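Here is a friendly note to read alongside the structure. Please keep the view open as you go through the points.

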Amino acid sequence: MVLKFSFFLFFFLAIAGFAQGEEIIPWSADRKLQWSDFKGKYLKTEWAAATTASSISYKFSTYEKDGQVYVDFVVGCEFYPKKSWYRPDMVDDLILSHEQLHFDIAELHARKFRKRLAETRFTANIKEEVREIYKEVLKELYIFQNRYDHETNFSRDTQKQMEWNKMIAEALEQEAKLP
């Protein structure tokens, strides 16, 4: 019997331009991933059914007005089809929902990043301060993603998978209500 479960691969991309020209799918509450979005070549392993490649990206600019410095941020969460793959003989709808949740978790952390940026009073060293916040969020995201895979046993624990689906949906809803 072949065990069905997911493997997660996360790409840390600091600047949106890093993957310039690469096909991306921005996160959207209205658009869920489909297996046809996974266009990469799968690794020849016996244990992985799929890989979701996603990232949190950012860019910012500063401007001065009336003697005060203002900062504009753009934070995105993207899925990379050509770096994401699946093995058709090993996947099902449960594994797809597991992979979707990896993408949703990345979006949740993108929102946390936006919130921290909005709440921070920056100094003249803004570039380094933004980079440090970004690194902290990515570290939290990495730990959270690993916890998710561990607790759901890579989607094999159906009950835990359903609990995580509900928890992340609620967290995204809560984050959407924040100013």
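**How the helices and strands pack**

1. Let's begin with the two helices: the crossing of α1 and α2 is right-handed (the near helix is turned clockwise from the far one by less than a right angle). Helices are DSSP runs of H or I of at least four residues, strands are E runs of at least two, and both are numbered from the N terminus.

2. This is a predicted model, in which local features need pLDDT of at least 70, side-chain atom pairs count only at pLDDT 80 or more, and totals for chains, interfaces and linings use all residues. Residues are numbered from 1 along each chain as its sequence is written, and side-chain values use heavy atoms, with hydrogens and water left out.

3. The axes of α1 and α2 lie 10 Å apart, at an angle of about 150 degrees (axes are lines fitted to C-alpha atoms, for helices over the stretch in contact, and angles run from 0 to 180 degrees between N-to-C directions). The pair is therefore roughly antiparallel, a label for angles over 145 degrees.

4. Among the α1 residues that meet α2 are Leu101, Ile105 and Phe113, while the α2 side includes Val137, Leu141 and Phe144. Contact here means heavy atoms within 4.5 Å.

5. Now the sheet: three strands form an open, antiparallel arrangement in the order β1-β4-β3 (two strands pair if DSSP finds at least two bridges between them). At the edges are β1 (25-26) and β3 (54-65), each pairing on one side only. Helix α1 (residues 93-119) packs on this sheet and touches β1, β3 and β4.

Definitions and conventions. Parallel < 35°, antiparallel > 145°, perpendicular 65-115°, else oblique.
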